[in-house]
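Please read it alongside the sequence and the model.

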Amino acid sequence: MSLFGRSSRSQLTFRPKKSSPSGSKGLPLKKHIDATLGSGNLREAVRLPIGEDLNEWLAVNMNFLYGTLMEFCTSSTCPIMSAGPKYEYRWADGMKVKKPVQVSAPKYVEYLMDWVESQLDDEAIFPQKIGAPFPQNFREVIRTIFKRLFRVYSHMYHSHFQMILKLKEEAHLSTCFKHFVLFTWEFHLIDRAELAPLNELIEPIVFRYF
């Protein structure tokens, strides 16, 4: 089981519904990620590989795992999507929901995952064919995605960390979060102000690797 009602670890990644073809331009980069993460060198895992396109590298890194807390984050336990008492996150996607609305944490993540999936499925934004151009606003799309994904991490740490410890998922979450932080820091994907809810966790990571 998984955080916010996703049913298996294979379903915990943000990726297109469509299977990438064997000749997909992202496959070599995915292999590079697997190899560098396996080495334990997180700084190297997020660095842009020599000779690779930045937009392609950003696209391939749209892959994140979350813990196994489905029944512990519900509309009853978390009626407002927040990161502690100081930060509340409201949902708006500019399309289906144009005005920011207050929602529960699981509803926010449901909206987010559906929205991210729709972005990743849109080949005008994430082209699958070799040589196909990325749109001019690609980096802004990526920044919005990562900003919203960070909010999920913020909620997890502020609202569910004790359960994460109880389930012995701390190491798994920590590795995912470190990779996320280092990648976003490497490419300046999230504004400093947005990172404030987890500054105490982020600063040691950045200090160590940068």
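The axes of helix α5 (residues 138–166) and α6 come within 12 Å and cross at roughly 155 degrees. Axes here are lines fitted to C-alpha atoms, for helices over the stretch in contact, and angles run from 0 to 180 degrees between N-to-C directions. The two helices α5 and α6 are therefore roughly antiparallel to each other; angles under 35 degrees count as roughly parallel, over 145 as roughly antiparallel, 65 to 115 as roughly perpendicular and the rest as oblique. The crossing of α5 and α6 is left-handed, a term used if the near helix is turned anticlockwise from the far one by less than a right angle, with right-handed used if clockwise.

On the α5 side, the contact (heavy atoms within 4.5 Å) is made by F146, L149, F150, Y153, M156, Y157, F161, I164 and L165. On the α6 side it is made by E170, L173, S174, C176, F177, F180, F183 and T184. By class, the residues of this α5 and α6 contact are 14 nonpolar, two polar and one charged. In this scheme Ala, Val, Leu, Ile, Met, Phe, Trp, Tyr, Cys and Pro count as nonpolar, Asp, Glu, Lys and Arg as charged, and the others, Gly among them, as polar.

The model is predicted: local features need pLDDT of at least 70, side-chain atom pairs count only at pLDDT 80 or more, and totals for chains, interfaces and linings use all residues. Residues are numbered from 1 along each chain as its sequence is written, and side-chain values use heavy atoms, with hydrogens and water left out.

**Other helix pairs**

The axes of α4 and α5 come within 11 Å, crossing at roughly 155 degrees. Helices α4 and α5 are therefore roughly antiparallel to each other, and their crossing is left-handed. From α4, the contact takes in A105, Y108, V109, L112, W115, V116 and Q119; from α5, it takes in V141, T144, I145, R148, L149, R151, V152 and H155. The classes in the contact of α4 with α5 are 10 nonpolar, three polar and two charged residues.

Helix α6 (residues 170–186) also meets helix α7 (residues 199–209): their axes come within 10 Å and cross at roughly 70 degrees. That makes α6 roughly perpendicular to α7. The crossing of α6 and α7 is right-handed. Helix α6 contributes F177, K178, V181, L182 and W185 to the contact, and α7 contributes L201, I202, I205, V206, R208 and Y209. This contact of α6 with α7 has nine nonpolar, no polar and two charged residues.

**Whole chain**

The secondary structure of the protein comes to seven helices and zero strands, where helices (H or I, at least four residues) and strands (E, at least two) are DSSP runs, numbered from the N terminus. Buried residues make up 46% of the 210 residues in the protein; buried means under 20% relative accessible area, exposed over 50%, partly exposed in between (1.4 Å probe, protein chains only). Among contacts in the protein with a separation of 6 or more, 74% are between residues 24 or more positions apart.

**Aromatic pairs**

Rings of Phe, Tyr and Trp (its six-membered ring) pair if their centres lie within 6.5 Å; planes under 30 degrees apart count as stacked, over 60 as edge-to-face and the rest as tilted. By this rule the count comes to 12 aromatic pairs. One of them joins F134 and F138, a tilted pair at 4.6 Å centre to centre with 55 degrees between the planes. Ring pairs also link F146, Y153, Y157, F161, F177, F180, F183 and F187 into a cluster.

**Individual residues**

The table lists relative accessibility for some residues.

| Residue | Relative accessibility | Class |
|---|---|---|
| F134 | 16% | buried |
| F138 | 1% | buried |
| K99 | 69% | exposed |
| H188 | 59% | exposed |
| E194 | 17% | buried |

K99 lies in the loop between α3 (54–60) and α4 (105–121). Apart from neighbours within four places in sequence, K99 is in contact with W91 and A92.

H188 is found in the loop between α6 and α7. Although H188 is not a glycine, it has a positive phi of about 55 degrees.

E194 lies in the loop between α6 and α7. Not counting residues up to four places away in sequence, E194 touches Y89, K147, F150 and R151.
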